[in-house]
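Have the sequence and the 3D view open side by side.

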Amino acid sequence: MSVDLATVKRVAHLARIAVSEEDAARMEGELNAILGFVEQLSEVDVDGVEPMTSVTPMQMRKRTDTVTDGSKTADILANAPESAETFFTVPKVVE
Amino acid sequence: MTDLTRLTIAEARDEMGKGAFSSVELTEAYLKAIDAANAAINAYVTVTADKALDMAKASDARRAAGTAGALEGIPLGIKDLYATEGVHTQACSHVLDGFEPRYESTVTANLWADGAVMLGKLNMDEFAMGSSNETSYYGPVINPWRAEGSDARLVPGGSSGGSAAAVAAWLCAGATATDTGGSIRQPAAFTGTVGIKPTYGRCSRWGIAAFASSLDQAGPIARDVRDAAILLKSMASVDDKDTTSVDLPVPDYEAALGGSVKGLKIGIPREYRMDGMPAEIDALWQQGIAWLKDAGAEIVDIELPHTKYALPAYYIVAPAEASSNLARYDGVRYGLRMPGKDIVDMYEQTRAAGFGQEVKRRIMIGTYVLSAGYYDAYYLRAQKLRTLIKRDFELAFDAGVDAILTPATPSSAFAVGDESLASDPVKMYLNDVFTVTVNMAGLPGIAVPAGLDPKGLPLGLQLIGRPFEEETLFRTAHVIEQAAGRFAPKRWW
């Protein structure tokens with residue numbers, strides 16, 4: 001399988017990365033090189049093989065359902081590029 | 001006085017225990033060495049000199065009070081991927097500009113609890129994506145090693161290139177690193193240092209910027225096998241904040257050194273003899289086999305038939321997980337924000353400006369293979385391949401193999417700015433061909449220096465072990481180290 005220029009632009013938008021025409025054209029070649037490389041997986045018969053979901057055969061530990069942390073508004077906002085009072089601020093999303 | 005930076009962790013620990021010098025003196029020696037070398041090597045992206053001296057003073061006070069820990073007063077470098085409270089933590093990416101977390105990663109917290117001192121944050125490939133340390137926003141790291149009779153700049157490998165170079169150039173006593181496809185073992189091999197990627201789950205991933213969560217694992221890079229054992233003992237722990245960390249006691253890895261490998265069954269996988277493998281890599285491998293045989297190990301040929309599919313499967317699984325993990329860098333909560341005409345444009349402009357080419361490439365591949373209609377063909381198939389890769393190892397271990405010996409890398413260190421690698425991302429990916437299988441199967445792997453190539457550059461061997469049997473790897477790597485000797489670069493910086 002390979003990608004064309006329109007697919008590159010669609011995927012870039014899905015990934016929320018702005019691309020110029022020039023970027024998209026370069027990426028088309030690079031992505032196709034990588035997709036060409038992974039193509040060899042199709043020669044393996046994987047019928048009846050379970051997909052791996054965990055490398056270690058273990059039961060995932062679960063925490064007790066209790067509040068252990070919180071009230072750290074200042075810490076959480078400390079690295080925000082823009083904030084106001086106790087909120088992150090973003091460009092207007094509702095007209 | 002002898003140069004304190006030349007001491008291993010074990011030597012410095014023992015000397016400080018006898019009162020030969022203080023942690024402040026040792027820390028000052030390292031800070032001076034960094035000051036003199038970093039312009040040439042570029043291993044550190046930030047040096048925390050004041051914090052280091054404060055930590056060293058506190059360490060000396062603890063020692064005087066009789067409460068010295070296992071790493072008391074030992075100055076370490078920390079890969080920029082680890083969150084360190086109030087200190088530059090950017091995964092060497094522009095997108096995390098100015099980020100100083102309000103929390104400490106579990107692994108680094110464990111090191112400080114054992115008395116270690118932080119010298120600063122180490123350069124790396126952006127978000128740990130790279131095999132040459134050239135994708136860093138902070139520029140490439142220069143390998144302290146040079147080919148005989150040449151002053152050409154070589155890469156230290158990646159992604160933990162800053163960690164490996166700092167350890168090899170005596171700019172820290174040891175360093176933290178991380179390994180998703182070979183990012184500890186390949187740079188260790190390129191710099192004549194020892195690096196271990198422990199079993200998945202041995203170290204907590206909490207507070208380490210995520211790249212591919214099912215593959216990422218923390219580990220140390222050190223001057224020798226003993227130091228790597230000492231560091232891993234302190235780094236490893238079970239952690240409530242990482243549900244994939246395992247609740248198994250952490251052994252005293254150092255105690256495993258010096259043990260005999262007599263009767264140990266060492267597997268030699270035929271599939272690792274790649275077409276076009278350089279003669280010096282094969283010779284090194286044969287030498288490693290001979291050393292272990294001489295030490296009484298039993299050498300057996302094994303088959304790992306799905307080896308060749310590990311790298312292509314990795315280049316589906318790792319980008320897929322990365323595309324999800326890196327979705328959080330959106331210009332809202334931390335780091336860089338670029339202006340946009342609306343919120344989506346703000347996201348897109350921020351991510352376009354913040355991520356480098358290699359990171360974008362992998363996010364795009366990951367987004368594509370997870371997109372509607374392609375999931376089964378790519379991601380699901382790759383996860384099935386992963387089951388088969390792991391099964392290959394299990395069959396070998398079930399047949400009694402204790403550890404597997406392979407080369408660590410297909411070549412020695414290459415030049416900074418290598419044209420053929422820069423123009424072909426897949427060619428760069430092939431650097432991880434011997435190491436990536438280990439991440440795909442969640443196994444422990446150690447790279448240990450074993451010799452020099454004809455250009456005088458270090459080469460490493462890799463040992464792969466059963467899950468949570470790092471002690472066998474340390475014991476066996478120590479036998480190789482004793483036979484091979486130590487390797488250090490000639491100082492030019």
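How many cavities of 30 Å³ or more does the count come to? The count comes to 1 cavity, where a cavity is a set of points on a 1 Å grid over the protein atoms alone at which a 1.4 Å probe fits but cannot get out. Bear in mind that this is a predicted model, where local features need pLDDT of at least 70, side-chain atom pairs count only at pLDDT 80 or more, and totals for chains, interfaces and linings use all residues. Residues are numbered from 1 along each chain as its sequence is written, chains are lettered from A and ligands numbered from 1 in the order in which they are written, and side-chain values use heavy atoms, leaving out hydrogens and water.

The largest cavity holds about 50 Å³ of space, a volume being the space filled by probe spheres set on the points. It is lined by 13 residues (those with an atom within 4 Å of a point), and the closest to its centre are Ala128(B), Gly130(B), Tyr314(B), Arg362(B) and Asp432(B). The lining divides into 5 nonpolar, 6 polar and 2 charged residues, with Tyr counted as nonpolar and Gly as polar.

Now look at strand β10 (residues 445-452) of chain B, a DSSP run of E with at least two residues, which is the place of Pro449(B). Pro449(B) is buried, with a relative accessible area of 9% (buried means under 20%, with a 1.4 Å probe and protein chains only). Setting aside residues up to four places away in sequence, Pro449(B) touches (heavy atoms within 4.5 Å) residues including Gly192(B), Val194(B), Leu459(B) and Phe487(B).

Key: 1 Å grid on protein atoms, 1.4 Å probe; cavity = no way out; pocket = protein on both sides within 12 Å on 5 of 7 lines; lining within 4 Å. Helix = DSSP H or I, 4+ residues; strand = E, 2+ residues; numbered from the N terminus. Buried < 20%, exposed > 50% of the residue type's maximum accessible area, 1.4 Å probe, protein only.
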